[in-house]
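Here is a short briefing to read alongside the sequence and the model.

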Amino acid sequence: MAMRRCEYGAGAMRILLDCDGVLADFVGGLLELINRECGTSYRRDDITEFDIGKSLGWSDAMRAKVDDLVRGEPGMILGLAQEPGARVGFGILEQLAGDIYVVTSPWPGHQTWAYERTQWLWRHFAIPSNHVVHTAAKHLVMGDVLVDDKTSTLESWRREFPSGLAVQWQTPHNMRDAWYGASTRDWDELVEMCRKHMADMERNLCR
Ligand SMILES: [Mg+2]
């Protein structure tokens, strides 16, 4: 599929940013909730796969309990901490790209998720609600760059937009994934990747 624009340049770049794992510390918030309510003592290092339940060896009953806990905890999403370095990093990215959208997948059945997430992004990053897309179908969202910590999401987006740049945001839970594309957890490096990608696109268009 062709890219959407004929003219390029940093100002024209549209970057799609995931929220959980990139901007918001969802895993930290989730483990805190579970440890408090279930008397467990899970640590972040225990999460070595994107599927947290699989990582921790949960039974179906435990998965259902966690699902109930998350859906029954209004305010949890609003109370999440920022990922370390995200505020400064986002500021650097904002200087480069004129068009940043957060594309974030809601927890199924959570009644206040989208509201809390939108509020949170405004409070922490001053991202307006018309730049937040709530969907699990991220491959439907067009952009020049997608930054996400879920490898399968990157794969499906890259299939849809092969000339786009899919960047895996490195976390302990995706380190074991097979991914043969761009990967970082350094905001400066991300900016350089985006800059280079746009320069390459521009060069190709000028040929
Ligand atoms: Mg994520």
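The centres of domain 1 and domain 2 lie 26 Å apart, taken over C-alpha atoms. This is a predicted model, in which local features need pLDDT of at least 70 and side-chain atom pairs count only at pLDDT 80 or more, while totals for chains, interfaces and linings use all residues. Residues are numbered from 1 along each chain as its sequence is written.

**Two domains**

- Domain 1 covers 2–24 + 81–205, and domain 2 covers 28–71; these bounds come from an automatic or database domain assignment.
- Where the two touch, 9 residues of domain 1 meet 10 residues of domain 2; residues are in contact if their C-beta atoms, placed from the backbone, lie within 7 Å.
- On the domain 1 side, that contact is made by 3 nonpolar, 4 polar and 2 charged residues. Here Ala, Val, Leu, Ile, Met, Phe, Trp, Tyr, Cys and Pro count as nonpolar, Asp, Glu, Lys and Arg as charged, and the others, Gly among them, as polar.

- The chain has a mean pLDDT of 91, with 94% of its residues at 70 or more; pLDDT is the predictor's confidence in each residue, from 0 to 100.
- Over residues 1–6 pLDDT stays under 50, and the model has 9 contacts for them beyond four places in sequence.
- Where pLDDT is low, the predicted coordinates should not be read in detail.

**The sheet, strand by strand**

- An open sheet is formed by 6 strands in the order E3-E2-E1-E4-E5-E6, with parallel pairing. Helices (H or I, at least four residues) and strands (E, at least two) are DSSP runs, numbered from the N terminus, and two strands pair if DSSP finds at least two bridges between them.
- Strand E3 (132–134) and strand E6 (182–184) are the edges, each pairing on one side only.
- From one strand to the next, the twist averages 25°. Axes are lines fitted to C-alpha atoms, for helices over the stretch in contact, and angles run from 0 to 180 degrees between N-to-C directions.
- Strand E1 (residues 14–17) pairs with strand E2 (residues 99–104) in the parallel sense through 4 bridges, and Leu-17 has Val-102 in E2 as its bridge partner.
- E2 is joined to E3 by 3 bridges, again parallel; here Val-103 is partnered by Val-133 in E3.
- E4 and E5 also run parallel, with 4 bridges between them, and Val-145 stands opposite Leu-165 in E5.
- Strand E5 (residues 165–169) is linked to E6 by 3 parallel bridges, where Val-167 has Ala-182 in E6 as its bridge partner.
- Helix H6 (residues 151–160) packs on the sheet, touching strand E4 (145–148) and E5, and its direction makes about 180° with that of E5.

**A closer look at E5**

- E5 is largely enclosed by the rest of the structure because 5 of its 5 residues are buried. A residue is buried if 20 or more other C-beta atoms lie within 10 Å of its own, exposed if 12 or fewer, and partly exposed in between, with C-beta atoms placed from the backbone.
- In a regular strand the side chains alternate between the two faces of the sheet.
- Both faces of E5 are covered, with Leu-165, Val-167 and Trp-169 buried on one side and Ala-166 and Gln-168 buried on the other.

**Residues to find in the view**

- Gly-29 belongs to helix H1 (residues 26–38) and is partly exposed, because it has 18 C-beta neighbours inside 10 Å. Leaving out residues up to four places away in sequence, Gly-29 touches Met-76, Gly-79 and Leu-80.
- Ser-41 sits in the loop between H1 and helix H2 (52–55) and is exposed, with 9 other C-beta atoms within 10 Å.
- Arg-123 lies in helix H5 (residues 113–125) and counts as exposed, with 10 C-beta neighbours inside 10 Å. The C-alpha atoms of Arg-123 and Leu-78 are 9.3 Å apart, although 45 residues separate them along the chain.
- Ala-126 is in the loop between H5 and E3 and is exposed, with 10 C-beta neighbours inside 10 Å. Ala-126 has a positive phi of about 55° although it is not a glycine.
- Most residues other than glycine have a negative phi.
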